[in-house]
Amino acid sequence: MSPDSPDIHDILKKHWGYENFRPLQEDIINSVLMGKDTLGLMPTGGGKSITFQVPGLMFDSGITIVVTPLISLMKDQVDNLKKHHIKAAALYSGMSAKENRIAWEKIVNGNARFLYISPEKLQNERFLLELRNLKLNFITVDEAHCISQWGYDFRPSYLNIKKLRRIKPDVPVLALTATAPPQVVNDIMAQLEFKEKRVFKKSFSRENISYLVRESDTKIHDVLHILSRTSGSAIVYVRSRKKTKEISEFLSGSGISATFYHAGLDVQLKGERQNLWKNGDIRVMVATNAFGMGIDKPDVRVVIHYDIPPTLEEYYQEAGRAGRDGEPSYAVLLTSKTDKGTLHRRVTETFPERETVKETYVQICNFLHISVGEGYENVKEFDITKFTSLFQRQEKQCRNSLRLLSQAGYMQLIEDIDKRSRLKILCEREELYNVHFSNSKTEEVLKMALRLYTGLFADYVFIRESEIAYHLKLNENDVYEALLELGKMKITSYIPRSGLPLIYFPTAREEKSSLIIGKNIYEERKKIMENRTDAVIDYSFNSRDCRVKRMLAYFGEINSSPCRKCDVCRNKAKAGSQGSETQNLISRIMNYLEEHPEGVRFITMAANCGPDKKDLAASLSFLCNEGYVKCRDNLYFLN
């Protein structure tokens, strides 16, 4: 930085339009600019990205590296930076050689201030060698809990970050996460080789969110009931891809605009649905946990969990996507009598027998034609449906075996990839004039592709069949058939889009007898999962104590006060007043306000909660004094 470098507040104002930082942001930024290794714990919606984007712009030259686990998250952040007139690039698995070259040229030529990379890129020794020649200002590790073996989402690829630290020992590290209990906090700093412990922690409390748990015999109808009585954007989280579609179609058929999202959808379709929801064209997104990380949508009013997540960390992160603008919002968890058994069974399913895991490794290698001693740093498409059918395996068991193999460092399943269709013209432009087309649609498709996309004669170019079909008023299958025909004629090389995930081999294939699934990968992590399962069961089914207080204690905030907003606190408020008539009136008030989060006027409440205005005023005064209800602009809200 030079003496003439702008002030951090000037940068915040120039690029984001904000006058002031949120709590903790400025402390973290100043720590990074002092060259200190820094760990920032900020709840979902706390503005983590500002803490590395602002200091990254303080330097006159060089780049800030951002390590992040999700490709969709990278692309979202790169796109957002471009909107703020900030240059950035990304490098990840699944990019074409041309895309890699363009991104790298941007970095080398100083046309990017930020480089987003997947942790797998740091496995590549050539890439690390190239990084030695770059000026790095600092390294940001997003979702830093992934580096901890005690974390709920441990990813061995994150351990590659140590290699980056060792080739740039004087470059400080900023580690960021929304969820980390004390043991994970200490392990993050140890794994990232902090020179000194330096933690900035914001309370995990989200005071604008009301956390509610409801026992339900008919969850799908309760989802409809909740959405019918609330307004604004919403997310419904489920644990299976099949349910996303079923619930979405049920809500749409009931008059609520909804769509669904999961990791198995085509990349283009996922992007389209995400944008429709972000822009408010669709109200409800029904999704697996593949959706939401890093999504910059502040006005989500309701997050409903149809199924109980396996950990409080995941629940807190997903529920925390509500109310990022600070306005009153709801996080509702639906429970049933069978959920406890499902959670305990999930622990057993997550850890198949070691022999099963090893046999899965051998079968996948055979399926992908990887011989012993081969496969180092290979990336192969993996049709998991075809594999499970061929070897008569359950998909869930296969995925859990792959997770253990990934944590043991043998192979990794990558599903978050950009696999759009690609097209390249094989002949010279002049030769096209002499081609005879037996089908007019084939000729039309070729002409439209030439009109829409540049560079087809030089290299593979990403195309969208739907875009060509739209301009020609054809259906997508017609375009697909025409492109295949062009390939048969040797005019083009067409690579159709693929929804298949990838398998990445960080090491060469080993003999089955040499595979080691260690105690730290199996027994110790199974015990950790059992403890986490017990914690989420306690949160979901213990109705004696404030839910938020118990959740905060899990994250190390021991002496927090009751939130007065969760269902447990509200029930205590209803039961705590004297006299059955008063108690009945307070119950009616709380229930009525819960169904009208937009706020209710006194006269409206009097017409719906009871005829005696004096008793109503006294009950409202009691609830306001106790902190359960607040009044703003003559409207009453649940606090």
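**Helix H18 and its surroundings**

Analyst: Start at the end of the helix. H18 is followed by Lys473, and the phi of Lys473 is positive, near 60°. Keep in mind that this is a predicted model. Most residues other than glycine have a negative phi.

Now step back into the helix. H18 covers residues 465-472. Its buried residues are Glu465, Ser466, Ile468, Ala469 and Leu472. Why do they lie on the same side of H18? They cover an arc of only 160° around the axis, so they share one side of H18.

Take Ser466, which sits in H18. Ser466 counts as buried because its relative accessibility is 19%, and the cut-off is under 20%. Leaving aside neighbours within four places in sequence, Ser466 is in contact with Gln268 and Glu476. Ser466 and Glu381 are 85 residues apart in sequence. In space their C-alpha atoms are 24 Å apart.

Two other residues have a positive phi. For His85, phi is near 60°, and His85 is not a glycine. His85 lies in the loop between helix H4 (71-83) and strand S3 (88-91). His85 is exposed, with a relative accessible area of 73%. Glu377 is not a glycine either, and its phi is positive, about 60°. The loop that holds Glu377 runs between H14 and strand S14 (379-381). Glu377 is partly exposed, at a relative accessible area of 25%.

Helix H14 spans residues 354-367 and contains Lys358. Lys358 is buried, yet it has no salt bridge. Beyond neighbours within four places in sequence, Lys358 is in contact with Lys512 and Leu515.

Asp142 is another buried residue without a salt bridge. Its place is in the loop between strand S5 (136-141) and helix H7 (161-167). The nearest side chain of opposite charge belongs to Lys48, 4.5 Å away. Not counting residues up to four places away in sequence, Asp142 touches several residues, including Lys48, Val67, Tyr158 and Leu176.

The largest nonpolar core has 142 residues. Which members touch the most others? They are Ile65, Leu115, Leu131, Tyr211, Leu251 and Met605. Helix H23 (residues 580-594) gives the most to this core, with six residues. A second, separate core of 26 residues includes Leu368, Ile503, Phe505 and Leu515. Leu515 is also a contact of Lys358. In soluble globular proteins, nonpolar side chains tend to be buried together.

Setting aside residues up to four places away in sequence, Tyr211 touches, among others, Arg206, Tyr315, Tyr316, Cys566 and Asp567.

Last, the cysteines. How many disulfides does the whole structure hold? A search finds zero. The sulfur of Cys563 is 3.6 Å from the closest cysteine sulfur, in Cys546, which is too far for a bond. Cys563 counts as partly exposed, at 21% relative accessibility. Cys427 counts as buried, at 12%.

Note on methods
Residues numbered from 1 in each chain as written. Predicted model: local features only at pLDDT ≥ 70, side-chain atom pairs only at ≥ 80, totals over all residues. Heavy atoms only, no water. Helix = DSSP H or I, 4+ residues; strand = E, 2+ residues; numbered from the N terminus. Buried < 20%, exposed > 50% of the residue type's maximum accessible area, 1.4 Å probe, protein only. Lys, Arg positive; Asp, Glu negative; His and termini not counted. Salt bridge = Lys/Arg side-chain N within 4 Å of Asp/Glu carboxyl O. Contact = heavy atoms within 4.5 Å. Arc of directions from axis to C-beta. Core = buried A, V, L, I, M, F, W, Y, C linked by side-chain atoms within 4.5 Å. Disulfide = S-S within 2.5 Å.
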